[in-house]
Amino acid sequence: MARNEEKAQSMLNRFITMKQEEKRKPRERRPYLASECRDLADAERWRSEILREIGAKVAEIQNEGLGEHRLRDLNDEINKLLRERGHWERRIVELGGRDYSRSSNAPLMTDLDGNIVAVPNPSGRGPGYRYFGAARKLPGVRELFDKPPETRKRRTRYEIHKRINAGYYGYYDDEDGVLERLEAPAEKRMREEVVTEWHRVERVRREAMKGVVSGEVAAAGGRSGDAAREVLFEGVEEEVDEERKREEEKWEREDAGREFVAHVPLPDEKEIERMVLERKKKELLSKYASDTLLVEQEEAKEMLNVRR
């Protein structure tokens, strides 16, 4: 029994194949421009043909052993077919057909781990350039999918001061009531200490005054006598300070009421104007007159007994 290759080479099979090819219509080529197509059915057919070509090339580009140049060429061809598919989809809409750009979900760009990434124009070859299959592992392409490390921007002095409000200085600490509850015992204790000290000082002061009147302060000894002396000395110092302040205020009022007496004769306004005018004359003469002329002028004034 003959093999399949021998059957295909037989005269009858070749004759039948030739007749079938004669009956077929000549194969049409896809128009170079989508605007040249006038039939909606033809536009749908050309779009389907482009989708089949894209699928075949995407399956081929998955092979990492094709080499760098072949992978780059395949990736460029796929992107070219994608742009051409977009032209035919717009032409179909112009002819009254279905809008595939809205109904179909375009494939999203993913990295090597399958995460969706936004790469609007990674290589500068035009908007929407995509990488498929093994082309994503090429040198210079892998870096496009790596997220750059987030650099923490240092805040300026203006931004720091912009966030500072009254709460930064502690003005809002009393509103929540927490600080008030914590400070209440300490405030009560401090108030009691101050009141106790005030009562003690008043009691010692009264005892000291009684001792001064009765003449017992000198004979009193011990701790109470020392405390009494200290309180008395404080009272005397306060009285001396108040007396000194009253005397200083009295002197200031007396100095303010006195009139100013000049012990040196002062020139009046006319004398000042005459002196200024004389000075300006001398400056003009020294600027425009010679030394000889000035000497002659002085001699003439002495002869005429002119002092001005």
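This is a predicted model: local features need pLDDT of at least 70, side-chain atom pairs count only at pLDDT 80 or more; totals for chains, interfaces and linings use all residues.
**Exercise 1. Work out how helix 3 and helix 4 are oriented to each other, and which hand their crossing has.**

Step 1. Two packed helices are described by the angle between their axes and by the distance between those axes.

Step 2. For helix 3 (residues 40–60) and helix 4 (residues 68–94), the axes come within 9 Å and cross at roughly 160°.

Step 3. Angles over 145 degrees count as roughly antiparallel, and helix 3 and helix 4 are therefore roughly antiparallel to each other; their crossing is left-handed.

Step 4. The residues making this contact include Leu40, Ala43, Trp46, Arg47 and Ile50 of helix 3, together with Leu74, Ile78, Leu81, Arg85 and Trp88 of helix 4.

Step 5. Sorted by class, the contact of helix 3 with helix 4 comprises 13 nonpolar and 10 charged residues, with no polar ones.

**Exercise 2. Decide whether Arg47 is buried or exposed, and list its contacts beyond four places in sequence.**

Step 1. Arg47 lies in helix 3, and its relative accessible area is 9%.

Step 2. Because buried means under 20% relative accessible area, Arg47 is classed as buried.

Step 3. Leaving aside neighbours within four places in sequence, Arg47 is in contact with Arg85, Trp88, Glu89, Ile92 and Tyr100.

**Exercise 3. Describe the protein chain by its elements, its burial and its contacts, and then examine helix 11.**

Step 1. The protein chain has 11 helices and 0 strands.

Step 2. Of its 308 residues, 16% are buried, and among contacts with a separation of 6 or more, 55% come from residues 24 or more positions apart.

Step 3. Helix 11 (residues 291–304), with 14 residues, reaches 20 Å from its first C-alpha to its last, close to the 20 Å expected at 1.5 Å a residue, and it is followed by Asn305, whose phi is positive, near 60°.

Definitions and conventions:
Residues are numbered from 1 along each chain as its sequence is written. Side-chain values use heavy atoms; hydrogens and water are left out. Axes are lines fitted to C-alpha atoms, for helices over the stretch in contact, and angles run from 0 to 180 degrees between N-to-C directions. Helices (H or I, at least four residues) and strands (E, at least two) are DSSP runs, numbered from the N terminus. Angles under 35 degrees count as roughly parallel, over 145 as roughly antiparallel, 65 to 115 as roughly perpendicular and the rest as oblique. A crossing is left-handed if the near helix is turned anticlockwise from the far one by less than a right angle, and right-handed if clockwise. Contact means heavy atoms within 4.5 Å. Ala, Val, Leu, Ile, Met, Phe, Trp, Tyr, Cys and Pro count as nonpolar, Asp, Glu, Lys and Arg as charged, and the others, Gly among them, as polar. The expected span of a helix is 1.5 Å times one less than its number of residues. Buried means under 20% relative accessible area, exposed over 50%, partly exposed in between (1.4 Å probe, protein chains only).
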